[in-house]
Amino acid sequence: MGLNREIAALRLSAQRIAEPDFTSAGDVVRWMFAMQAQDFPGVKWSVGLRFPGSTDAAVERAIASRELVRSWPMRGTLHLIAGEDLGWTLALTGPRLVQGTTTRRAQLGISNEDLVVVRSVAEQALAGGTLERGELLAAFERAGQPTGAQRGYHLLLHLAITRVIVFGPVAGKQHTFALLDEWVPNARALDREESLGEFALRYFTSHGPATERDFAWWASLTLTEARTAIAVAGVRLERREIDGIVYRLAHGLEPARDAVHLLPGFDEFLLGYQDRSAALPQEYADRIVPGNNGVFQPTIVSNGRVVGTWRRTEKAKAVLVEPQSFDVPTKKTTAGVASAATRYGRFLQKPVSVPG
C-alpha cells in the first residue's frame with residue numbers, strides 16, 4: 001500500500017485527532033483502547049490533543065486516580081490503558097508475551113525458580129502501597145536476585161505481563177509500581193470469545209480503516225486469532241475494499257478535513273499499524289526513526305500526510321517548538337504549525353514560541 005490520502009484522512013477522523021470531542025482523559029483512552037506510552041510526556045500529549053481544553057496535569061490526575069494505568073499489554077511495549085481493561089487484555093495476550101520472552105530470560109539467567117522468588121518479594125513489598133522502581137529492584141537484590149544488565153527490567157516485565165504488578169502514579173520524576181489486583185480491584189471479567197470480539201471492535205472503531213494484519217500485529221494476536229476476533233465483531237464493523245485490500249472500520253466514518261497537527265513521536269496515528277505507508281512517504285521513513293533505532297520522532301501531519309518532524313525545548317516558563325519540514329513548507333502549513341503549537345502550549349500551561 002502506498003501513500004493514500006483517503007485512508008489517512010479516515011484514520012485521523014477515527015482516532016479523533018481531526019475533530020477531538022472527548023471531555024476526559026479516561027474517555028480518550030477507552031476510545032483508543034490502548035496508547036503506546038514508553039514516552040511518558042508524549043503519551044500525555046497524545047491524550048491531550050484528543051481532549052479539547054485538557055492539560056498535562058489533568059492526564060496525570062487520571063493516572064494517579066487509577067482510572068488509567070500503564071503496563072505492557074501488547075508487543076512488549078508500554079501502553080496507557082483504562083484500568084478495568086488491563087486484566088482481561090493480559091489474560092488474552094499474556095501467554096504469547098511470556099513465550100516470546102523465554103529466550104531473553106534464559107540469556108539473562110532468569111529461571112522459573114527466580115520468577116517465583118521475585119513474585120513473592122513483589123507481593124510482600126507492594127502489599128497495601130506503591131514503591132518507586134528503584135525501591136522494588138532493591139528488594140529483589142536483597143532476595144538474591146541481581147537486577148543489572150537488563151535483568152531487573154525483564155523481571156518487572158514478566159511480573160507485569162503475568163498480571164502481578166502495574167505502574168502506579170509518577171512520584172516526582174520517578175515511576176512507581178503497585179499490585180494490579182490492589183490498584184485495580186474492580187476489573188472487568190470477559191471470557192475468551194468476548195475478549196476477542198471486544199478487542200477487534202474497539203481497535204477497528206478507533207483505528208480503522210485497518211487490515212487484519214494491522215490488528216494481529218498491534219494486538220499481539222496470531223492471524224488466526226485476529227480473524228476469529230473480526231468474525232465475533234461481525235456486522236458491528238464495516239468491511240471496505242480500498243485498492244484491492246480489505247479494511248475494517250466504524251460504520252459511517254467520514255474523512256477528516258484538511259488540517260495541520262503536531263503529534264508526539266509514538267502516537268497511534270503511526271504506531272497503530274503494521275503498515276504505515278498510507279500517511280508516511282517511504283523516502284522519509286528514516287527521518288521518523290533515525291538509524292532504525294526504534295525511537296520515533298514527533299511528526300507534523302498535514303492533510304493526513306507526515307510532512308516533517310518537530311522537537312520541543314522546555315524551559316522554566318516557556319517551550320520552544322522547532323519544526324523541521326521535509327520540503328519547503330507552504331504558508332498554510334506554517335500557519336497550521338503555529339496554531340497547533342499554541343494549542344500544545346495551552347496543554348502544557350506554558351507559552352510556546354515557534355522560530356520564524
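This is a predicted model: local features need pLDDT of at least 70, side-chain atom pairs count only at pLDDT 80 or more; totals for chains, interfaces and linings use all residues.
Local features need pLDDT of at least 70 and side-chain atom pairs count only at pLDDT 80 or more, whereas totals for chains, interfaces and linings use all residues. Residues are numbered from 1 along each chain as its sequence is written, and side-chain values use heavy atoms, with hydrogens and water left out.

Helices (H or I, at least four residues) and strands (E, at least two) are DSSP runs, numbered from the N terminus. Three strands form an open antiparallel sheet in the order β1-β3-β2, where two strands pair if DSSP finds at least two bridges between them. Its edge strands, β1 (34–36) and β2 (68–74), each pair on one side only. Strand β3 (residues 77–82) is joined to β1 over 3 bridges, and glutamine 36 stands opposite histidine 79 in β3. Helix α3 (residues 40–48) packs on the sheet and touches β1, β2 and β3, its direction making about 135 degrees with that of β1. Here contact means heavy atoms within 4.5 Å, and axes are lines fitted to C-alpha atoms, for helices over the stretch in contact, with angles from 0 to 180 degrees between N-to-C directions.

Just after α16, glutamine 349 takes a positive phi of about 60 degrees.

Finally, the model holds 21 salt bridges, each a side-chain nitrogen of Lys or Arg within 4 Å of a carboxyl oxygen of Asp or Glu. Lysine 44 and glutamate 60 form one at 2.6 Å, N to O, linking helix α3 to helix α4 (residues 56–64). Lysine 44 is buried at 6% relative accessible area, while glutamate 60 is partly exposed at 29%. Glutamate 314 and arginine 312 meet at 2.9 Å, N to O. Salt bridges that share partners join Asp85, Arg188, Glu198 and Arg202 into one network.

How values were computed. Buried means under 20% relative accessible area, exposed over 50%, partly exposed in between (1.4 Å probe, protein chains only).
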